[in-house]
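Q: Could we go through this model together, feature by feature, so that I learn how each one is read?

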Amino acid sequence: MILNVFNLGSAPPNTVAQVAEPYGGCVFIVDPEEPDAVALLPVLEELGTVVIANTLEACVELLADVTPRGVVVFDERSIRLAAELAEHYDLPGVSPKAAQWLCDKSAQRERLNACGVGDVRSVSMTGGEVPAEIPLPAVVKPSAGAGSEDTFIVRTREEFDAVAAELNPARAYVVEHYIEGADAPLGSWLADYVSVESAVDAAGTVRHIGITGRLPLARPARETGLVFPVKPDAELEESLLGLAEATISALEFRAGLAHTEIKIGAAGPVVIELNGRLGGGLHRLMPQAGGVEPVSVAVALATGEPVPDGFPEPTQHALHYYVQPPCEATAVLELPTPRVVKTAPGVFKADRTARPGASVDWRQGSTSRVYDVWLAADSLPELASYQAGLDELLERTIRWESA
């Protein structure tokens with residue numbers, strides 16, 4: 001059976017359960033202290049076996065009658081326990097030491113700098129203690145977190161002090177030197193950073209699936225969308241793929257999908273961070289683009305299968321668009337129905353993630369978005385035009401309440 005250390009993440013549980021069927025089914029391991037995961041227990045129980053535990057010892061006791069064939073994870077918070085389970089059952093996976101680098105952005109940056117994969121100045125901030133010296137300009141983000149939550153870009157000490165005063169004193173943060181981007185390296189409608197999507201087997205062999213572009217950030221540093229695939233010029237593509245592979249090697253990542261975020265800086269590409277799991281939204285973007293089904297690849301790698309020699313060439317380009325609230329908004333008063341949103345050219349799916357009247361808070365990052373909209377086109381210029389048309393529709397049909 002396949003063990004999925006489960007939390008809300010980048011792969012829906014029904015897809016994981018379906019892919020796990022040839023391996024004897026799926027066991028969902030749910031942390032009783034994660035309310036979002038606990039809320040899905042009725043769904044998970046319909047899809048497979050459920051174990052409620054958050055320590056290795058408890059898992060092993062409850063899995064006494066199970067013979068695991070692989071361990072998969074699709075969110076950051078579950079990586080450490082997944083690594084411990086893989087080590088205990090002698091299954092492919094990252095080591096507990098490597099899991100620490102994947103789950104702690106401060107530790108990851110220290111490791112990358114030590115291995116010569118970049119030289120980005122950074123300082124840690126814990127317990128509400130404000131460091132005396134910081135690299136400026138800087139990006140401030142949680143040491144453990146995802147989805148642009150509590151993430152800020154500051155250019156002066158005064159801006160930093162104002163941001164620091166509002167941060168959660170019980171949370172650890174990393175303050176890193178902000179890399180100024182190159183001028184429109186992928187075209188005027190895309191941002192200056194990407195992620196490289198890679199498959200890595202237990203032996204450390206790497207095959208790159210493709211490169212995902214980003215839409216420009218919403219204030220202060222919130223993601224607004226992903227585009228898969230994008231095709232940089234040959235020289236830049238070679239640099240991006242080589243940097244991703246060096247990052248995977250430095251962090252000793254194995255037996256899974258790596259999502260390596262890279263800033264295309266004015267002086268060349270620089271690693272932002274590596275996420276040791278499938279990137280958000282790609283479970284739908286990749287198949288829609290006509291490429292690979294990534295959850296199947298992740299499960300196969302977790303069972304020890306070698307990385308494929310190659311992957312299908314995508315035939316389309318797909319966009320996952322996040323509708324983020326403005327920073328001044330406190331609630332969303334009006335939202336179009338999914339049926340209305342799907343009248344926009346290029347839209348093949350629309351998921352409303354909030355109801356009219358719901359409160360919104362930009363500090364929650366991507367989790368406070370009010371819509372997920374999915375578009376596809378035969379070319380990137382066509383996709384850009386579809387996004388512009390969607391923006392016009394949303395501008396007419398969404399109404400916010402501001403403070």
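Q: Leaving aside its neighbours within four places in sequence, which residues is Asp104 in contact with?
A: Before the case itself, a word on the basis: this is a predicted model, in which local features need pLDDT of at least 70 and side-chain atom pairs count only at pLDDT 80 or more, while totals for chains, interfaces and linings use all residues. Residues are numbered from 1 along each chain as its sequence is written, and side-chain values use heavy atoms, with hydrogens and water left out. Contact means heavy atoms within 4.5 Å, and, once neighbours within four places in sequence are set aside, Asp104 touches Arg80 and Ser143 in this sense.

Q: Where is Asp104 placed?
A: Helices (H or I, at least four residues) and strands (E, at least two) are DSSP runs, numbered from the N terminus. Asp104 sits in the loop between helix H6 (96-103) and helix H7 (105-114).

Q: Is Asp104 buried or exposed, and how far away is the nearest side chain of opposite charge?
A: Buried means under 20% relative accessible area, exposed over 50%, and partly exposed in between (1.4 Å probe, protein chains only). For charge, Lys and Arg count as positive and Asp and Glu as negative, whereas His and the chain ends are not counted; a salt bridge is a side-chain nitrogen of Lys or Arg within 4 Å of a carboxyl oxygen of Asp or Glu. Asp104 is buried but has no salt bridge, the nearest side chain of opposite charge being that of Arg80, 5.1 Å away.

Q: At what angle do H6 and H7 pack?
A: Axes are lines fitted to C-alpha atoms, for helices over the stretch in contact, and angles run from 0 to 180 degrees between N-to-C directions. Here the angle is about 105 degrees, with the axes of H6 and H7 5 Å apart. H6 is therefore roughly perpendicular to H7, since angles under 35 degrees count as roughly parallel, over 145 as roughly antiparallel, 65 to 115 as roughly perpendicular and the rest as oblique.

Q: Which residues of H6 and H7 meet?
A: From H6, Gln100, Trp101, Leu102 and Cys103 meet Lys105, Ala107, Gln108 and Arg111 of H7.
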